[in-house]
Each structure stands twice: as structure tokens, then as C-alpha cells.
Amino acid sequence: MKKLKELLKSYKIDIKTWESDFGEGHLFLADREALIPFENKKEVIELDKKALKIIEKDKSQGSDKLFLKKLKGIILNNLNKRIAETA
């Protein structure tokens, strides 16, 4: 549980402090990828929804744009899985 709390904290910080073209897209992606084993947790799902809103508004170029595109794919995959499970 301690590991999950630490991972959630890092992901929350990424979401809260994300700025376009700040050069930290790889960290945002890495922090989310670390949560893959915990994707079914309510906290991860709620943060994914917030992260998706941030990504949709982002205007990054270059590598950050690519990292966020991959991150968006991971998030949408998780959210779609949860929707399918509740249907």
C-alpha cells in the first residue's frame, strides 16, 4: 500500500504541475506507467480522468507531445476497460 500511495502522489504532482513543453513528458508517462498494476483502483481512475483533461488542453510540441500521446493511450485503455466491466 505504501508503494501505491507514493506512486499516486507522484502522479498527482504531475497532473497538478504540468506545463506545456516543460520537458517533463517522459516523467509524466513513467509515473503513470508505474501505476499499471493498480489501474483498477478508484484513485487511479479518478486521476486518469483529470490527466486526460490536462492532456486534451496541452499544446506541447516535440517529444513531450509524443509522450503525452502514449500517456493518453494508456489512460483511454484503462477507462475503456472500466466502462466495459461495468456494462
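**Salt bridges and buried residues**

The side chains of Glu 56 and Lys 72 form a salt bridge, with N and O 2.9 Å apart. The model is a predicted one.

Q: Why is the pair Glu 56 and Lys 72 called a salt bridge?
A: The rule asks for a side-chain nitrogen of Lys or Arg within 4 Å of a carboxyl oxygen of Asp or Glu. Here the N to O distance is 2.9 Å. The pair therefore meets the rule.

Q: What makes Glu 56 and Lys 72 a link between distant parts of the chain?
A: Glu 56 lies in helix 3 and Lys 72 in helix 4. They are 16 residues apart.

Q: Why does Lys 72 count as partly exposed?
A: Buried means under 20% and exposed means over 50%. Lys 72 has a relative accessibility of 28%. That value falls in between, so Lys 72 is partly exposed.

Q: How do you know whether Arg 32 is buried or exposed?
A: Look at its relative accessibility, which is 0%. The cut-off for buried is under 20%. Arg 32 is therefore buried.

Q: Why is Glu 39 called buried?
A: Its relative accessible area is 7%. Buried means under 20%, so Glu 39 qualifies. Glu 39 sits in the loop between helix 2 and helix 3.

Q: What makes Glu 39 and Arg 32 a salt bridge?
A: Their closest N and O atoms are 2.9 Å apart. The limit is within 4 Å, so the pair passes.

Q: What makes Asp 48 and Arg 32 a tie between parts of the chain?
A: Their side chains meet in a salt bridge, at 2.8 Å from N to O. Asp 48 lies in helix 3 and Arg 32 in helix 2, so the pair joins parts 16 residues apart in sequence. Both residues are buried.

Q: Which residues are linked with Arg 32 in a network of salt bridges?
A: The network joins Arg 32 with Glu 39, Asp 48 and Lys 81. By the same rule, the count of salt bridges comes to six.

Q: How do you know which side of helix 2 the buried residues are on?
A: In helix 2, residues 25-33, the buried residues are Gly 25, Phe 28, Leu 29 and Arg 32. They cover an arc of only 95° around the axis, so they lie on the same side of helix 2. They pack against helix 1, helix 3 and helix 4.

How values were computed: Residues are numbered from 1 along each chain as its sequence is written. This is a predicted model: local features need pLDDT of at least 70, side-chain atom pairs count only at pLDDT 80 or more; totals for chains, interfaces and linings use all residues. Side-chain values use heavy atoms; hydrogens and water are left out. Buried means under 20% relative accessible area, exposed over 50%, partly exposed in between (1.4 Å probe, protein chains only). Helices (H or I, at least four residues) and strands (E, at least two) are DSSP runs, numbered from the N terminus. The arc is that of the directions from the helix axis to the C-beta atoms. Contact means heavy atoms within 4.5 Å.
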